[in-house]
Amino acid sequence: MKRPIDNLLLSAVVGDIAGSTYEFNPCRDYDAIVLPKAQSFFTDDSVCTLAIADALITGKDLATTLKQWCLDFPGRGYGGRFTVWIHSKDSAPYNSFGNGSAMRVSSVGWYAKSLEETELIAKVTAEVSHNHPEGIKGAVATAGAVYLARTGATMNEIKKYISQYY
């Protein structure tokens, strides 16, 4: 039996694959976009999203799980500093304020039982590597938006939440 998080993870990975060929080659002519292309592939965003979901569902250590998934799927487009972190014996965060913490956090919005829990767990998942306040804010805002959408909030309510808090 599929759980709601299964559908989210499938959607996240399909979206990542469908958009992969446009990540570093953006297209502004939306009528010209073809999804997916034969050259499509899963990226670091899929790997890290699945790693966070795995850690949440199983209760495994976040840093260990994230590193192991990334080591199991090398060469997916990880950033330079993140790659160093992946291969480091030290799991201390490196104060990143990049978007990686936001790109991997969607499962938190499905896993958590309240907006407050969503925000707390999103913060914890970000702090594993992206412990700069901006990296944390990006993850919390993204997970909060997912939670609000999942629980029936309107686009205007989600926009107000993001604008008011982040």
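Thr-118 is buried, with a relative accessibility of 0%, where buried means under 20% relative accessible area, exposed over 50% and partly exposed in between, for a 1.4 Å probe and protein chains only. The model is predicted, so that local features need pLDDT of at least 70 and side-chain atom pairs count only at pLDDT 80 or more, while totals for chains, interfaces and linings use all residues. Residues are numbered from 1 along each chain as its sequence is written, and side-chain values use heavy atoms, with hydrogens and water left out.

Thr-118 lies in helix α7; helices (H or I, at least four residues) and strands (E, at least two) are DSSP runs numbered from the N terminus. Not counting residues up to four places away in sequence, Thr-118 touches Val-108, Gly-109, Ala-112, Ala-143, Gly-144 and Tyr-147, contact being defined as heavy atoms within 4.5 Å. One of these partners, Ala-143, is located in helix α8 and is buried at 0% relative accessibility. With residues up to four places away again not counted, Ala-143 touches Val-105, Val-108, Gly-109, Thr-118 and Ala-122. The C-alpha atoms of Ala-143 and Trp-110 are 8.5 Å apart, for a separation of 33 residues in sequence.

Thr-118 and Ala-143 both belong to the contact of α7 with α8. These two helices pack at an angle of about 145°, and their axes are 8 Å apart; axes are lines fitted to C-alpha atoms, for helices over the stretch in contact, and angles run from 0 to 180 degrees between N-to-C directions. The crossing of α7 and α8 is right-handed, a crossing being left-handed if the near helix is turned anticlockwise from the far one by less than a right angle, and right-handed if clockwise. From α7 the contact takes Leu-115, Thr-118, Glu-119, Ala-122, Lys-123, Ala-126 and Glu-127, and from α8 it takes Gly-135, Ile-136, Ala-139, Val-140, Ala-143, Gly-144, Tyr-147 and Leu-148. By class these residues comprise 9 nonpolar, 3 polar and 3 charged, where Ala, Val, Leu, Ile, Met, Phe, Trp, Tyr, Cys and Pro count as nonpolar, Asp, Glu, Lys and Arg as charged, and the others, Gly among them, as polar.

Helix α8 (residues 133-150) also packs against helix α9 (residues 155-165), at an angle of about 155° and with the axes 10 Å apart. The pair α8 and α9 is therefore roughly antiparallel (angles under 35 degrees count as roughly parallel, over 145 as roughly antiparallel, 65 to 115 as roughly perpendicular and the rest as oblique). Their crossing is right-handed. Val-140, Ala-141, Gly-144, Ala-145, Leu-148 and Ala-149 of α8 meet Ile-158, Tyr-161 and Ile-162 of α9. This contact of α8 with α9 has 8 nonpolar residues, 1 polar and no charged.

A further helix pair, α2 and α3, packs at an angle of about 140° with axes 9 Å apart, and α2 passes α3 in a right-handed crossing. The residues in contact are Val-47, Cys-48, Leu-50, Ala-51, Ile-52, Asp-54 and Ala-55 of α2 and Leu-62, Thr-65, Leu-66, Trp-69 and Cys-70 of α3. They divide into 10 nonpolar, 1 polar and 1 charged. Leu-62, in helix α3, is buried at 16% relative accessibility. Beyond residues up to four places away in sequence, Leu-62 touches Ile-52, Ala-55, Val-124, Thr-125 and Val-128.

The largest nonpolar core has 32 residues, of which Leu-66, Cys-70, Tyr-78, Phe-82, Trp-85 and Val-108 touch the most other members; such a core is a set of buried Ala, Val, Leu, Ile, Met, Phe, Trp, Tyr and Cys residues joined through side-chain atoms within 4.5 Å. At least two residues of this core come from each of α2 (44-58), α3 (62-72), α4 (80-87), α7 (115-127), α8 and α9. Helix α8 supplies the largest share, 7 residues. Leaving aside neighbours within four places in sequence, Leu-66 is in contact with Cys-48, Ala-51, Phe-82, Trp-85, Arg-104 and Val-128.

Arg-104 is placed in the loop between α5 (100-103) and α6 (106-111) and is buried, with a relative accessible area of 1%. Among its contacts outside four places in sequence are Cys-48, Thr-49, Leu-66, Phe-82, Ser-129 and His-130. Asn-95 lies in the loop between α4 and α5 and is partly exposed, with a relative accessible area of 40%. The phi of Asn-95 is near 65°, a positive value in a residue other than glycine. Most residues other than glycine have a negative phi.
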